[in-house]
Amino acid sequence: MEENNMESPNQPSGSSAKGIIVVLLILILVVGGYVLLQKGSNNQRAGESNLEDAEEETSGGAESGMPVPGQEGVKETEVIKEGEMAAEVKTFTVEAKNFSFTPSEIKVKKGDRVKITLNNTQGFHDLVIDEFSVKNPQANGPTTAEVEFTADKMGTFEFYCSVGKHREMGMKGNLIVE
């Protein structure tokens, strides 16, 4: 009897099996490389976030209890936003309680980027600066809220609490733009 050297049509030939293995190995390498790149990218973003948090903790200001020369509650940080050049942001923490703001005076220069964190320790309050269209939501303390704007006009501008008669009761302060 004659032996049949032909392979069955349902079984891959030796060379096609090797080809399939090679394709699978390449696919595994590509997917593995992609996963590693994504993981490295996420770690880099997390590292940048941790670096920003560390810079905020070590830069002083009212949050760390360390005095800042010139003005209470002031902390200067550098923030880079997507699509913008690096810009210095003057950061202030204003404490709101019945019926006052501390500090009640903030000084910046024209063109400064200003970030105000309202630390509402008691009561129902907000912070409004009409000339810069600044208004954070009214909220019951203890809460915090942030507003950010560019001080593009010179002068003295009142910031105040718009709840009820709080403004009339003295819950106001001045933003001085020089």
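A salt bridge here is a side-chain nitrogen of Lys or Arg within 4 Å of a carboxyl oxygen of Asp or Glu. With that cut-off, Lys115 and Glu146 pair up through their side chains, at 3.8 Å from N to O. Lys115 sits in strand β5 and Glu146 in strand β10, so this bridge ties together parts of the chain that are 31 residues apart in sequence. Helices (H or I, at least four residues) and strands (E, at least two) are DSSP runs, numbered from the N terminus. Buried means under 20% relative accessible area, exposed means over 50%, and partly exposed is what falls in between (1.4 Å probe, protein chains only).

A word on the ground rules. This is a predicted model, in which local features need a pLDDT of at least 70 and side-chain atom pairs count only at pLDDT 80 or more, while totals for chains, interfaces and linings use all residues. Residues are numbered from 1 along each chain as its sequence is written, and side-chain values use heavy atoms, with hydrogens and water left out.

The chain averages 76, and 65% of the residues score at least 70. Over residues 44–85 the pLDDT is below 50, although this stretch still has 43 contacts in the model beyond near neighbours in sequence. Residues 1–8 also stay under 50, and the model gives them three contacts beyond four places in sequence. A contact means heavy atoms within 4.5 Å.

Now for the overall layout. Of the 178 residues, 26% count as buried. Among contacts between residues at least 6 apart in sequence, 53% join residues at least 24 apart. The accessible surface comes to about 12,100 Å², with 55% of it belonging to carbon and sulfur atoms. Accessible areas come from the Shrake-Rupley method with a 1.4 Å probe, and for residues only the protein chains shown count as cover.

Back to the charged pairs: the search of the whole structure turns up five salt bridges. Another of them joins Arg113 and Glu148, at 3.3 Å from N to O. This pair also links distant parts of the chain, with Arg113 in strand β5 (residues 113–120) and Glu148 in strand β10 (residues 143–150), 35 residues apart. Both ends are partly exposed, Arg113 at 24% and Glu148 at 30%. Asp126 bridges to Lys135, and their closest N and O atoms are 2.8 Å apart. Asp126 is buried, at 0% relative accessibility.

Moving inside, the largest nonpolar core has 23 residues, and Phe101, Ile116, Leu127, Ile129 and Leu175 have the most contacts within it. A nonpolar core is a set of buried Ala, Val, Leu, Ile, Met, Phe, Trp, Tyr and Cys residues joined through side-chain atoms within 4.5 Å. The elements that give two or more residues to this core are β2 (87–97), β4 (105–108), β5, β10, β11 (155–160) and β12 (172–177). Leu175 touches, among others, Ile106, Val108, Ile129, Phe132 and Phe149, leaving aside residues up to four places away in sequence.

Nonpolar side chains turn up on the surface too. Ile20, Leu24, Leu27, Val31, Tyr34 and Val35 form a patch with about 590 Å² of accessible area together. Patches are made of residues with over 30% relative accessible area and no salt bridge, joining like charges within 9 Å and nonpolar side chains (Val, Leu, Ile, Met, Phe, Trp, Tyr) within 5 Å. Tyr34 belongs to helix α1 (residues 14–58) and is exposed, at 53% relative accessibility.

Most residues other than glycine have a negative phi, and most peptide bonds are trans. The bond from Asn98 to Phe99, however, is cis, with omega near -5 degrees, and Phe99 lies in the loop between β2 and β3 (100–102). The bond from Thr102 to Pro103 is cis as well, with omega near -5 degrees; Pro103 is in the loop between β3 and β4. Ser133, which is not a glycine, has a positive phi near 55 degrees. Ser133 sits in the loop between β7 (128–129) and β8 (134–135) and is exposed, at 69% relative accessibility.

Notes: pLDDT is the predictor's confidence in each residue, from 0 to 100.
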